[in-house]
Amino acid sequence: MKAMGKMRRLIAPVLCGAAVTAVLAAPTAQATPGGHQGRDPGWVLTGTGTDARFRGLAAVGHDAAWVAGSGGTVLRTTDGGHQWRDVSPAAAAGLEFRDIEAFDRRRAVALSIGEGEASRVFRTEDGGATWTESFCNTDSRAFYDCLTFFDSRHGLAMSDPVDGRFRILSTSDGGRNWRVLPDAGMPEAQPGEAGFAASGQCLVSSGSSDVWLATGGAATARVLHSRDRGLTWTEAASPIPAGDPARGVFALAFRDRTHGIAVGGDYRADQVSPDAASVTGDGGRSWRRADAPPPAYRSGVAWLPHSPRSALAVGPTGTDVTRDGGRTWRTVDTGSYDTVDCAADGGCWAAGEKGRVARLR
């Protein structure tokens with residue numbers, strides 16, 4: 001979405017199909033401790049050696065994660081954040097990465113956002129030593145925001161509406177090739193409606209075929225749901241306030257096909273964000289307000305593995321935890337983060353502005 005300054009000017013023109021071999025930099029400084037003491041979750045800040053803003057994050061495990069952000073920056077750690085290696089595609093310095101999905105320590109797919117050719121997909125199979133540009137958007141009307149994968153082969157990416165409907169890209173070979181899906185099964189977009197490229201979580205999936213799309217900027221914030229990998233969609237209104245280009249649902253998380261959490265609000269620092277979280281227990285057919293929502297705008301959310309009723313939400317003013325499936329939230333950290341992600345082994349990570357990346361202790 002073009003709101004909230006998410007479409008920054010390119011530093012330099014980057015042509016589609018340019019070489020994308022990465023230049024591997026030396027590891028960065030050692031991690032430094034941080035976060036809260038006690039039983040609540042706490043973050044341990046890591047030294048990334050950059051001031052890039054990371055809105056793309058993929059947790060592989062306790063020890064491994066990828067982050068992607070401004071200035072075409074992609075970093076990878078395999079030792080719990082003690083060292084981060086710069087594996088940025090060399091020709092992507094003028095691009096804005098906002099999402100990254102990793103299958104393991106060596107394979108990942110990253111999305112850059114923006115109008116026209118600024119929206120691209122890159123993939124690596126060797127830990128970021130080399131990258132292949134597998135998609136470059138040539139339609140000036142399209143603006144891609146997020147991507148998600150059902151497994152290591154099948155995935156989708158979404159664009160803000162083109163000709164009145166959200167556009168969906170599909171891959172069935174791990175991101176090597178992409179095609180635009182027909183939009184006959186996509187509901188019409190509301191005037192001004194779009195997705196927020198704030199955390200890589202405006203398009204999320206669960207299981208082999210279910211996917212959800214979060215919207216904002218229009219009269220009503222909606223969550224769209226597809227059970228067939230993006231061919232047909234249903235729509236549901238969210239109680240998260242909308243009615244302004246800066247408001248809506250910014251992030252979704254589903255722990256299975258039924259139970260989901262939506263977070264968002266108004267990203268402007270001088271605006272309050274009441275009702276910044278909602279929950280569903282029926283796969284997104286209906287949503288209800290959290291009884292005690294986070295106190296401010298939140299841009300990222302993730303379920304804690306092995307804890308079916310616990311989740312984290314993050315934003316510029318802090319981190320909140322829920323222990324009852326999203327009904328009530330409590331702030332446990334006041335550090336600034338844009339996105340959060342957890343791996344199957346329980347390893348959780350958060351990332352945000354000024355190179356901030358943290359691991360959950």
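Residues 23-38 keep a pLDDT under 50, yet the model gives them 49 contacts beyond four places in sequence. Here pLDDT is the predictor's confidence in each residue, from 0 to 100, and a contact means heavy atoms within 4.5 Å. Residues 5-13 also stay under 50, with 25 contacts beyond four places in sequence. Where pLDDT is low, the predicted coordinates should not be read in detail.

This is a predicted model, where local features need pLDDT of at least 70, side-chain atom pairs count only at pLDDT 80 or more, and totals for chains, interfaces and linings use all residues. Numbering runs from 1 along each chain as its sequence is written, and side-chain values use heavy atoms, with hydrogens and water left out.

**The whole protein**

The average pLDDT is 91, and 89% of the residues score at least 70. The protein has 0 helices and 28 strands; these are DSSP runs numbered from the N terminus (helices H or I, at least four residues; strands E, at least two). Of its 361 residues, 58% count as buried, meaning under 20% relative accessible area, with exposed over 50% and partly exposed in between (1.4 Å probe, protein chains only).

**The largest pocket**

About 950 Å³ of space lies in the largest pocket. Its lining takes in 41 residues, and E101, S205, F254, D341 and C342 lie nearest its centre. Strand β2 gives the largest share of that lining, 5 residues. A pocket is an open set of points on a 1 Å grid over the protein atoms alone, where a 1.4 Å probe fits, with protein on both sides within 12 Å along at least five of seven lines; lining residues have an atom within 4 Å of a point. The volume is the space filled by probe spheres set on the points, which are joined across faces, edges and corners.

S134 sits in strand β9 (residues 132-136). Beyond its neighbours within four places in sequence, S134 touches V121, R123, G175, R176 and W178. S134 counts as buried because its relative accessibility is 17%.

Most residues other than glycine have a negative phi.
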